[in-house]
Amino acid sequence: MNYHQYYPIDVVNGPGTRCTLFVAGCVHQCPGCYNKSTWRLNSGQPFSARMADRIIADLNDQRIPRQGLSLSGGDPLHPANLATILQLVQRVRAECPGKDIWLWTGYRLDELDHQQMQVVDLINVLIDGKFVQDLKDPALIWRGSSNQVVHKLR
């Protein structure tokens, strides 16, 4: 898996102060997407064990308490990202007690396959659905268009 950006301190992509990872790869390629640079799987830089360790350390750093981890992109549930994303969310669950995990995807919850659901079963909030330019609404919280749904899972 590749990633484009990691923010160890983020107050925009979910509630509270968070760590946010933007991964590479998106099959949806929604017109009007604000993050087109993340669409290609081979863009960005390789996600490493060192980066995973950094995320875990940042989540556990008490000097700047974080509420949790946000996963966006691209699409964290892109088939090529699933193995790495699953390992990361499993580590967060095991090593960062009390931290929540939010994930944005262009897939809808009702169309996810078994592998994608393995990830979803471990997260707290899923924001699903493609961005639709004609349904764009800047007043919406945590989503860009009104067709997208915020699923509180835990």
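# Close-up views of a predicted model

**View 1. A salt bridge joins Glu 111 and Arg 108.** The side chains of Glu 111 and Arg 108 meet here, with N and O 3.5 Å apart. A salt bridge means a side-chain nitrogen of Lys or Arg within 4 Å of a carboxyl oxygen of Asp or Glu. Glu 111 is partly exposed at 38% relative accessibility, and Arg 108 is partly exposed too, at 44%. For these labels, buried means under 20% relative accessible area, exposed means over 50%, and partly exposed lies in between (1.4 Å probe, protein chains only). A word on the source: this is a predicted model, in which local features need pLDDT of at least 70 and side-chain atom pairs count only at pLDDT 80 or more, while totals for chains, interfaces and linings use all residues. Residues are numbered from 1 along each chain as its sequence is written, and side-chain values use heavy atoms, with hydrogens and water left out.

**View 2. Asp 100 and Arg 18 form a salt bridge between two strands.** The closest N and O atoms of Asp 100 and Arg 18 are 2.7 Å apart. This pair links distant parts of the chain, as Asp 100 sits in strand S5 and Arg 18 in strand S2, 82 residues apart. Strands (E, at least two residues) and helices (H or I, at least four) are DSSP runs, numbered from the N terminus. Are these two partners buried or exposed? Asp 100 counts as buried at 12% relative accessibility, and Arg 18 counts as buried at 0%.

**View 3. Arg 91 and Asp 53 bridge two helices.** Their salt bridge has its closest N and O atoms 2.8 Å apart. Arg 91 belongs to helix H2 and Asp 53 to helix H1, so the pair links distant parts of the chain, 38 residues apart. Arg 91 is partly exposed, with a relative accessible area of 25%, and Asp 53 is partly exposed at 41%. Look for Glu 95 as well: Asp 53, Arg 91 and Glu 95 are linked in a network of salt bridges. Across the whole structure, a search finds seven salt bridges.

**View 4. Seven strands make an open, mixed sheet.** Their order is S3-S1-S2-S4-S5-S6-S7. Strands S3 (45-46) and S7 (149-152) are the edge strands, each pairing on one side only. Two strands count as paired if DSSP finds at least two bridges between them. Strands of a sheet pair through backbone hydrogen bonds, either parallel or antiparallel. S1 pairs with S3 in the antiparallel sense over two bridges, and Tyr 3 stands opposite Gln 45 in S3. S1 also pairs with S2 in the antiparallel sense, over five bridges, with Thr 20 in S2 as the bridge partner of Tyr 7.

**View 5. S4 pairs with S2 and with S5.** S2 and S4 run parallel, joined by six bridges. Among the paired residues, Thr 20 has Ser 70 in S4 as its bridge partner, and Val 23 stands opposite Gly 73 in S4. S4 and S5 also run parallel, joined by four bridges, and Leu 69 stands opposite Ile 101 in S5. The chain crosses from S4 through H2 to S5, and this β-α-β crossover is right-handed (with the strands pointing away from the viewer, the path from the first strand over the helix to the second runs clockwise). Why is S4 largely enclosed by the rest of the structure? Because six of the six residues of S4 are buried.

**View 6. The largest nonpolar core has 30 residues.** Such a core is a set of buried Ala, Val, Leu, Ile, Met, Phe, Trp, Tyr and Cys residues joined through side-chain atoms within 4.5 Å. Residues with the most contacts inside it include Leu 21, Phe 47, Ile 55 and Leu 88. Elements that each supply at least two core residues include strand S1 (2-10), helix H1 (49-60) and helix H3 (114-120), while H2 gives the most, with six residues. Leaving aside neighbours within four places in sequence, Phe 47 is in contact (heavy atoms within 4.5 Å) with Met 1, Asn 2, Tyr 3, Leu 21, Ala 52, Ile 55, Thr 84 and Leu 88.
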